[in-house]
Amino acid sequence: MSAEQPVVVADRPTHGEPRPYHFPRFERNELSNGLGLITVHLPGRALLAASLVLPSGAVDEPAAQAGATSLMARSLSEGTKHHDAIGLTEATERLGASLHAEAGWDGFSISVEVPGERLGEALGLAAEIATEPTFPSADVDRLRDERMNDLLQAKADPRRRADDGFVNTIYAAGTAYGRPSAGTEQTVPGLDAAVLAALHARRLDPARMTLIVGGDLEAVGGDVRSIAESRFGAWAPNPAAEAPSKPRVESARHERIVRVIHREGSVQTEIRVGHVGVPRLIPDFHAVSVMSAILGGLFNSRLNRKLREEKGYTYGAGAGFDLRRGAGPFAVRAAVNTEVTVPAIVDILAELELMRATPPSSAELHAARDYLVGVFPLRFETPPPVVGAIAGLYIHGLPLDELDRYRPSIEAVTAADVQAAAERHIHTDELAIVLVGDADAILPALEGAAVGPITVEREELPGQSA
Amino acid sequence: MLVPTVAFSETRLPNGLRLIISEDHLAPVAAVNVWYNVGSKHEVKGKTGFAHLFEHVMFQGSAHVGKAEHIALVQAAGGTMNGTTWLDRTNYFETMPSHQLELALWLEADRMGTLLDALSQENLDNQREVVKNEKRWSYDNRPYGSWVEKMLGSVFPEGHPYHHPTIGSMADLDAASIEDVSAFFRLHYAPNNAVISVVGDVEPEQVRAWVARYFGAIPANPSLPVPLPDMSLPPTLGGEIRTVVPDRVPLPRIHWGFRGPIFGDPRLDALDLAGQILAGGKGSRLHRRLVREERLAQDVALFSMGLVAGASVTAGWATARPGVDLVQLETAFWEELERMGREPVSEDELARAKALTEADELGALQRVDEKADRLSMYATLFNDAGMVNSILPRYLSTTAEQIQAVCRDVFVPDNRIVLTYVPAGAEAAPGAENTGTA
C-alpha cells in the first residue's frame with residue numbers, strides 16, 4: 001500500500017430504502033367482568049410482557065396520605081390469601097418470571113415478564129396480588145420504615161435533594177406534584193395496613209382496568225382471552241371504586257427565585273432551572289416534543305452542546321417537560337463543578353431566552369424530527385416497551401391510534417411551531433433556580449450575577465460533619 | 001423454555017479485523033458493536049484514566065467527521081450510540097434502523113483509520129473537563145461513591161493492572177497530553193486489535209462488502225498485542241483488610257469484597273449462581289434474613305465482576321437500618337456466606353436460580369444490541385464467539401456441590417475486605433472498630 005492511498009473512504013454513504021414500519025397492531029377485547037384486554041402479537045418474542053393497568057395513581061391520593069399508593073403497590077406482594085411473601089416469590093421464580101407492582105403519579109400497574117408457555121400461571125399470580133392481598137401488618141410496617149430510611153438517604157444524595165427541592169419550590173403547598181410521589185417524612189409514618197387495604201378497596205376495579213399482553217402469542221399454547229378470563233374473570237366489578245381526579249395544580253410563584261441548599265465542600269453544584277410545565281393532553285404535544293429535543297434532548301441539544309461540548313462544565317445537561325395528567329414540571333438539569341456554577345446558570349438562562357426569541361435553524365429542526373421519527377421503531381423492539389406504550393394510552397386517556405399518528409405528526413412540526421411552543425410554555429421571568437452545592441463558594445458570584453432574589457438554606461444534612 | 005441459538009458467521013479481513021455477523025430480521029433494526037482489546041489495565045502509573053478519556057476523544061471527530069458530528073449523524077439517522085470503558089476493554093456501539101447500517105460502519109471506520117487527523121488540544125482540554133465532571137458526578141459527589149476505587153485498590157496489589165479504577169485520578173487526567181493521546185491511538189487502535197459484530201436485519205454478503213470497503217485499507221499494527229505484566233495472583237488475599245470510611249451518609253453501609261475465580265473459569269459461573277441464591281430478590285437468603293426477618297438492613301447485594309486475568313472481584317454490601325449494631329449486621333451477613341461453603345444449596349433454590357438465569361438469557365437475546373455486544377465480548381476476551389451459545393448450558397449444568405466448593409474457597413476470612421462506611425463525625429460509632437467476627 002502506498003503512503004498516498006487513503007486508509008478510509010471519504011464519502012459518507014447514503015441510506016437504503018427504509019423497511020415499512022408501523023407500531024405493532026393490537027386487538028381490544030373485554031372480559032366478562034368488564035376488564036379490558038389488549039393483545040399484541042410480536043412474532044419471535046418468547047419472553048412475554050403483561051401489564052394490568054389502572055389509570056389512577058399517587059396524584060389521586062389525599063395529601064394527608066401521601067405515599068399510600070406507592071406503599072400499597074409495594075405491599076401487594078407481601079402476602080395473599082394463598083401465598084405468603086416468600087411463597088409468592090418462590091412460585092414466581094420457578095416460572096422464570098418476574099412480577100412487580102408499582103405506582104406512578106398517574107397510574108398503577110402490576111407487570112409480569114414470563115416465558116410464553118407459562119403465561120397462565122404468571123397471570124394467576126398477578127391476579128392473586130391484585131385481588132386478594134392481605135397486607136400483613138408487620139411487613140407493611142417494615143416497608144414503611146424502609147421508605148423513611150430512603151427519605152434520609154435522599155437528603156444526602158445531591159441529585160435527589162435537588163429534584164425534591166426543585167418541585168417543592170415550584171408548586172404551591174397542597175399541589176401533589178410538589179412532594180415525592182412515595183410520600184414525605186410527615187405523611188409516611190401515618191400509613192399502615194388499614195390505610196392500604198382501604199385504598200385498595202377504593203381504587204381497584206376490573207371495570208376501570210386493562211390487561212395488556214404482548215409477545216409471541218403462538219408460544220402461549222392457547223387462546224390468551226380464555227387464559228385471561230380463567231385468571232381474572234371471577235374478579236367482581238367494584239361499583240364503589242372512585243374515578244381518578246382531575247389534579248389541581250397550582251404554581252407557587254410568578255417571579256424569579258434562586259434557592260441555594262448548602263452542602264459544605266460539595267465539588268459539584270446540582271442545578272435545576274424551571275417552573276410548572278404542561279399536562280400530557282395539550283394540542284401542541286408534538287411541537288413540544290421537537291422543541292424539547294432541540295433544547296435539551298438530543299446529544300447535540302443547545303444545552304448539552306454549550307455546557308458540555310463547548311465549555312466542559314458538566315458530564316451532561318438536559319431539559320424536558322414531565323408530561324402528566326396535570327401540569328408536571330419543566331426543568332433544565334445539570335451538575336457542574338462548583339467554580340463554574342454561576343457561568344453555567346447564565347448560559348442556561350441565555351439558552352432559554354434564545355429558544356423563545358428565534359425559530360430553530362433548519363438543521364436543528366431536521367435533526368430533532370429525524371431522530372424522533374427514526375428512533376421510534378428501535379424503541380419497540382421487545383415486548384416490555386410495547387406494552388408500556390399501550391399502557392400509556394390508557395393512563396392518559398389517549399386515542400388508540402395515537403402511536404400510529406406519532407411519526408406523521410412529528411414530521412409535520414415546523415420551525416414556527418417550535419418557537420411558538422417555546423413562547424407558550426417557557427416562562428423565563430418565572431424561573432426557579434434551585435442549587436444544591438457549597439453556598440459559601442458560590443454565593444459571592446451568584447449575588448454579583450443578579451439573576452434573581454436569593455434564599456439560602458443551611459439545614460444540617462445527614463452525615464455532614466459539624 | 002427454549003433459548004434460541006444465535007447463528008453467526010466469523011471472518012477476518014487481511015488487516016486482522018475480525019467480523020462477526022448474525023441475522024435477525026424480526027425488527028427493522030441493526031446493531032454494530034466494536035470491541036477494542038484495550039482497557040484501563042493497559043494504563044501505566046501516572047497515566048490512569050487514559051483509556052476512558054480516550055473513549056471520549058473518539059467522539060470528537062476524525063478526518064471526515066466533525067466534532068460531535070458522529071453522534072449528530074447517528075441520531076439524525078434515528079439511531080442510538082455510546083461507548084464504554086472497562087478494565088479489560090473499550091467498546092463503541094450503534095443501534096440503527098436497518099436501512100442506515102452503512103452509515104454506522106463508515107463512521108466507525110473513519111475514526112479507526114483517521115482519528116489523529118482531527119485531534120486538537122482544544123478538544124482534548126474540553127473532554128478532560130467533561131471527564132473530570134463525570135468523575136465528580138459518578139464518584140466524588142455521590143454518597144458511598146468511593147467504594148469501587150477502594151475495593152479494586154484492596155483486591156489487587158499496588159502495581160497490578162487492575163489496582164486502579166477506569167475513571168483514573170484527577171492528577172493523571174490533568175497531566176494527559178496530546179502526545180499521550182496520539183501514542184495511545186497508534187498503539188491500541190488498529191484493526192488487528194478489534195472485533196466488529198453486526199447483528200440484526202442485515203444481508204451478510206452486503207455487510208462483508210461494506211466492511212471490506214470501509215475498513216479494508218486501514219493498516220494493521222504489527223507490534224500488537226501489547227504485552228501486559230504478569231497478572232497472576234494467589235487465589236486469596238492472604239489476610240483480612242478492614243477499613244472504616246467516614247462519608248456524608250446518613251446510614252452506615254458495610255461493603256465486602258473477595259478475590260474470586262477469573263471470567264471464563266466455570267467456578268465463576270457457580271459463584272454467579274451463589275450470588276443469585278444469596279442476594280437475588282426478596283426470596284434470597286441474605287434478603288430474607290437481613291432485610292425481612294432480622295430487619296438489620298435496608299438493602300443487600302452480592303455479585304461478581306468478571307475479569308480475565310489474576311482474579312475477579314466478588315462484592316457485596318448491606319446498608320444498616322438506623323440504630324442497628326454493625327457487629328450484628330456483619331455477623332449475620334458473614335454467617336450466610338459461610339453457610340454456602342458448609343452445606344449444599346437446596347434443589348429448589350438451585351432450580352429457581354437456573355430458571356431466572358434462563359429467562360434473563362431469553363430476554364437479553366431478544367435484543368440485537370445485546371447479541372452484538374456478547375459476540376464481540378466472547379471473541380475479544382476468549383477468542384470464541386460461540387460462547388454466546390455455550391454459556392447458558394454451562395450455567396444450567398452447574399451442581400450444588402460446585403457452588404458449595406467455590407463458596408468454600410472464596411468466602412474465607414483471609415480473603416475478605418470489609419469497608420465500613422459511617423456518617424462523618426461518627427467514626428467512633430459502636431461496631432465501626434470491631435475486629436471481625438470469624
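For this tour, Ala, Val, Leu, Ile, Met, Phe, Trp, Tyr, Cys and Pro count as nonpolar, Asp, Glu, Lys and Arg as charged, and the others, Gly among them, as polar. What you have open is a predicted model, where local features need pLDDT of at least 70, side-chain atom pairs count only at pLDDT 80 or more, and totals for chains, interfaces and linings use all residues. Residues are numbered from 1 along each chain as its sequence is written, chains are lettered from A in the order in which they are written, and side-chain values use heavy atoms, without hydrogens or water.

**Stop one.** Select H15(A), A76(B), A77(B), H99(B) and Q100(B): of the 25 residues lining the largest pocket, these lie nearest its centre. (A pocket is an open set of points on a 1 Å grid where a 1.4 Å probe fits, with protein on both sides within 12 Å along at least five of seven lines; lining residues have an atom within 4 Å of a point.) The lining splits into 12 nonpolar, seven polar and six charged residues. Its largest share, four residues, comes from α11(A).

**Stop two.** Now pick V44(B), K45(B), T48(B), H160(B) and H164(B), which lie nearest the centre of the second largest pocket, lined by 23 residues. Here you get seven nonpolar, 10 polar and six charged.

**Stop three.** Show residues 341-357 and 415-425 of chain A, helices α10 and α15. Their axes (lines fitted to C-alpha atoms over the stretch in contact, with angles from 0 to 180 degrees between N-to-C directions) come within 7 Å and cross at roughly 125°.

Key
Helices (H or I, at least four residues) and strands (E, at least two) are DSSP runs, numbered from the N terminus.
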